[in-house]
Amino acid sequence: MTTGAGVSVDPAATSPDRALVFEVIGRVDGFVHAAREAGFEWLSEDLVDPEAAGDEDDAADRAEEEASSSILYVTMPSLEGLKRLLGWWKAYADGKEPSDKLEKEWWKLFGYLADVRVWSAKDRVDPSLAAYVERMLEQDPQALVRVEFDLWYLGTEARRRLAVDELRSVLGELDAAVLDEASIPEIHYHGVLASIPAGIAREAAGRNGPLATASMVMIVRPQSLFSIALPDTMSTEQERRAVPPALDARPPIAVLLDGYPVQSHELLRNRVDIEEVDITGDDAPLEMRFHGTAMASLILHGDLAANEAPLERVLKVVPILAGAQDADVETTPTDKLPLAMVHRAVEALAARGNGTLETVLFNHSVCDVSSPFVRRPTPWAKLLDHLSHRHRILFIVSAGNVHAPIPMDAYEDFDEFLAHDPDERGIAILRAVEAAKGRRGILSPAEALNAVTVGALHADGAAACPPRQVDPFGFAANNLCSAIGLGFARALKPDLVMDGGRQIAAAVAHPDGFAIEGRQIAHLGQRAAAPDVDGGTTDYVRRSTGTSNAAALATRHGIRIAEALEHVFASSGERWQNQTTRAVMLKALLTHGCRWGSIGGVLDRAYPPADPSWRRRRETVARFLGFGRPDVDSVIEGDSNRITLLADDQIKSGDLHEYRIPIPSALLGSREIRRISLTLSWCTPIHPASSTYRGVRLQLVNREGKGQYWRGVDPFLQPHPDFGAKGTTIHRVFEGARRVGTLPEGGVFVGVQAYGLREEFKDAVVPYALAVTIEVAQTLRADIYTDVRQRVRPRFRQRERV
């Protein structure tokens, strides 16, 4: 038996007859450490994030999550090897002594394990399936239940066809039917959506019956579905604005993957261009087109209450939501796999451009409402990451809304809750939400590493909260339904937060006592276009809340940044859309103006741990705020006391790209406040079948490989830099007023260092963008914009192999 060759941690890469499950006692760290000590390098490579391995501080920070992560999946290189390892495990469990040196090493590892077994129903049936099945059968106990099957991704098309034929045969014998199928080789995905009888569904959920033991099936899970309830009252408010005489002639920058909008609405007419791929107008009755209409309106106009100037650029729309005449929800079609629809939509747009996408931004305010992210990237997230890297595009993804009770242990009942000071009550709510974070995680595909994931703030342009309603916060904290991070491998998610509308705190029944939930009401939220349910009026508007709204506003910001970049590139005779780095430029600049602001200070004081472990506390804040709320105006508009520099390039593993940042000469000997912001964003290739999912990691370094760049500034209130570096964006803010006697000769050294995390990515070309802003106080009467600009010259980057 070759103990290391061909081992993979992700079951999607495995063959069903060679899949093993290691059930670890307690935390995985000890097992991985012991494996490395024994010389099993495949364990250290595939079962733990290489950049975190051996980091004791990081391991301590991850204790809570790792304590519940006790399952490892591996593939043995051969059936003979699998049988031999199972034989060793049985001998160990029976108390037998090892017979040679290799067995002794395995006996040590077995001491960390509770079980070693072949893939079985225990692993095949998703733990959430039972609750999902019962929820689907509450109203009609005999209804058909739609479930998804993730098949083992087999190496050849012929083997994959044989597997799906076998599944069809099993389903046919159970009076079940296949509704949709998709195979996407680039992410090792082969999925089937089927409707099955109620009894069979309950049997499978209980890990029994032919579906729970079907060898061609890797995972049986609830149907991936986005669903939003239609408003129970019709719109009454109306608003008209000037309608363009025709569609803007410039190519669209952004695509909305969402519901079918009301194209004739006064706020959308001659502003949207709809392209049908899976969903036609017949699939989306006019009176049900709420979500797509609102998202298009928010992207083009913002919150109507703010009276912002509309975007002139046409918004491309590819509908992926539908509705039935007798339904009360707008939803992804119940007979289609949502990720397959997204795949077809993007590739259809690319096909129109002979494989090249003209559009760069993709608004994706749609998520799987029954599937919170848990530990490993879902196929939907893998798809977004793959498409991002393949087509050089940027997905703006909503974090998801969680409608779960928030237990309020600080109060006996609603009366006591109401009697307390509003500010004190707000802090108590924040602490209660933090305590319930384990049940409020981001929803798939919000964990996508190459995407920008957006959470929602409790803020809008509506009037004061109506009497007899409880406004939970007097400040822009997260609204009560906004899902919180972290993401895969503890990457920072959400990336940023935007206004998502205010929600009231409503009392709800809870088995453990008093609890509240976030609830939307007609008087609060963001104003946006809405359909007329009677079909006769085209100027209705209504208010709504949620992370979908926040993502739409982030997309609006992205379009503004893109237009600014277009202008800059055009001034030098270049076309921005043709740049391979176009998406990462947007990503970097969208994040670059992010700050926690005053709410960051509130959360930093309110959240645990109360001890001096500021790093853990900042991590807690980052779960809610990401890098913070963006200030796009400060990024795209220069000022005499502020300048933003942008570099973009492509880099390979082992390369170091060097930059020199001029420090304004006016700071010499000055005690005036100054701030330097650094944002590095990149788009990584992925390995869909390994825990080392991210192919390439970048890092910002000084000449010594550290993270402190100039002694005239110190880190500002923000996430810990190591924590942010687990994703694909690093955002650092430095501030200070220390007097400096000399300025760094040639400018501050800032290096971009690339690390390939797997051998197959050593030659991968990774696009990145680096944004740097230098800002000084208005009291410093100096034109630093002109000073710095005159000293900045484009130059060939020095590259070093390390």
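**Rings and burial**

Guide: Phe110 has a relative accessibility of 0%, so Phe110 counts as buried; buried means under 20% relative accessible area, exposed over 50%, and partly exposed in between, with a 1.4 Å probe and protein chains only. This is a predicted model, where local features need pLDDT of at least 70, side-chain atom pairs count only at pLDDT 80 or more, and totals for chains, interfaces and linings use all residues. Residues are numbered from 1 along each chain as its sequence is written, and side-chain values use heavy atoms, leaving out hydrogens and water.

Visitor: Why is the pair Tyr92 and Trp107 called edge-to-face?
Guide: Rings of Phe, Tyr and Trp (its six-membered ring) pair if their centres lie within 6.5 Å, and planes under 30 degrees apart count as stacked, over 60 as edge-to-face and the rest as tilted. Here the centres are 6.1 Å apart and the planes sit at 85 degrees, so edge-to-face it is.

Visitor: What makes Trp106 and Phe110 a tilted pair?
Guide: Their ring centres are 5.8 Å apart and their planes are at 35 degrees, so the pair is tilted.

Visitor: Is Trp107 buried or exposed, and how do you know?
Guide: Trp107 has a relative accessible area of 11%, so the label is buried. Trp106 is buried too, because its value is 1%.
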